[in-house]
Amino acid sequence: MAVFDCRSHRRLQFGIHDPVPGNSNNKPETPELPGEPDDTGDPDDPDGRGKASSRIILSADGNDEGTYELLLSHGYAYETPDNSGEHASEPFRHIRQSYDKSLKKNVFDFYLHIDNDDDRGKADVTDRQRNEIKTDGHSPDSLVAQHGETLRISWKFRLPAGMKTTTKFSHIHQLKGIDNKAGTADVSLPAITFTCRSLSNGKQQMQVLYTASNVESDGSTTYLARADLADFLDEWVSVTETVTFSEEGSYSVVITRIYDGKQLVKVENAKLNLWRKDCTGMRPKWGLYRNFGEKRSMASQLRDEILKFADFDIEKIK
């Protein structure tokens with residue numbers, strides 16, 4: 001088990017090709033490592049979805065064709081390569097639902113095709129691709145942290161057997177800032193990242209990373225936890241993060257394998273700067289966002305993947 005204690009301190013064809021409703025994946029970003037600049041949005045200026053202070057749980061409901069509407073109705077946005085490459089003439093819905101026999105419930109399936117899919121249709125971004133959901137500046141208040149607030153964020157995920165990674169990144173979760181209307185906030189880098197990565201010796205790791213501000217600090221990355229990726233593959237795990245978002249913030253996470261209760265990762269009360277200057281809130285992202293090298297130099301090391309997620313649960317606890 002990996003432990004960190006800081007109390008003191010788009011071409012494989014999957015399924016049916018569906019017409020896709022409009023999504024919210026058209027906002028500009030300039031790619032950077034290990035994260036990327038993000039969308040603008042003011043939590044005080046919603047787009048009609050309204051505000052709420054209650055806990056919100058997003059679970060698959062079995063209505064596969066209505067998956068995007070389900071995400072939007074719960075205050076989430078999505079960034080998918082549904083119309084990239086060969087999908088332009090026959091759109092492919094990259095977030096779907098299926099029944100999972102292990103959990104005995106419906107779950108979300110996130111698809112990514114190595115030979116086709118892109119990063120939100122940006123012609124100048126040729127070394128990476130993504131399929132993600134997130135909360136944003138239009139989400140209910142309970143899904144976005146303001147300065148000094150604490151969120152408890154829980155979910156489940158299952159990485160596919162034989163999942164391929166490179167020495168670059170394959171991010172599956174981030175905590176990031178939301179830009180202000182002027183586009184001047186320090187949100188280019190994530191504060192927290194879960195990434196799957198190959199080491200130089202060929203071994204694969206699940207890594208929990210903290211990235212410092214690149215405006216107020218040096219933008220350096222610290223490993224909070226590292227664990228053998230083999231312990232995660234083809235198994236459901238549950239995650240609970242407790243995060244206080246401030247300059248003197250606190251981060252804790254526990255990742256537990258469901259079938260045997262084994263604790264795979266534990267970070268306890270890490271004292272970190274978890275706020276970003278001039279941002280309008282901090283929020284989570286999930287999915288698969290991966291780098292395949294300049295001019296696709298590492299694409300042959302990767303493959304089409306389907307990552308499964310379930311039961312996104314965000315609660316503002318103080």
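**Charged pairs up close**

Reply: Let's start with Arg128 and Asp127, whose side chains meet in a salt bridge at 2.9 Å, N to O. The term stands for a side-chain nitrogen of Lys or Arg within 4 Å of a carboxyl oxygen of Asp or Glu. Keep in mind that this is a predicted model, where local features need pLDDT of at least 70 and side-chain atom pairs count only at pLDDT 80 or more, while totals for chains, interfaces and linings use all residues. Residues are numbered from 1 along each chain as its sequence is written, and side-chain values use heavy atoms, with hydrogens and water left out.

Back to that pair: both Arg128 and Asp127 are buried. Buried is under 20% relative accessible area, exposed is over 50%, and partly exposed is in between (1.4 Å probe, protein chains only).

Next come Glu305 and Arg303, bridged at 3.0 Å, N to O. Here Glu305 is buried at 1%, whereas Arg303 is partly exposed at 29%.

Then there's Asp115 with Arg296, a salt bridge at 3.8 Å, N to O. Asp115 is in the loop between strands S5 (105–112) and S6 (128–134), and Arg296 is in the loop between strands S15 (282–291) and S16 (305–316), so this pair ties together parts 181 residues apart in sequence. Strands are DSSP runs (E, at least two residues), numbered from the N terminus. Asp115 is exposed at 59%, and Arg296 is partly exposed at 30%.

Some bridges link up, too: Glu79, Asp119, Arg120, Arg130, Glu132, Lys134 and Lys285 form a salt-bridge network. Across the whole structure, the search turns up 22 salt bridges.

Key: Helices (H or I, at least four residues) and strands (E, at least two) are DSSP runs, numbered from the N terminus.
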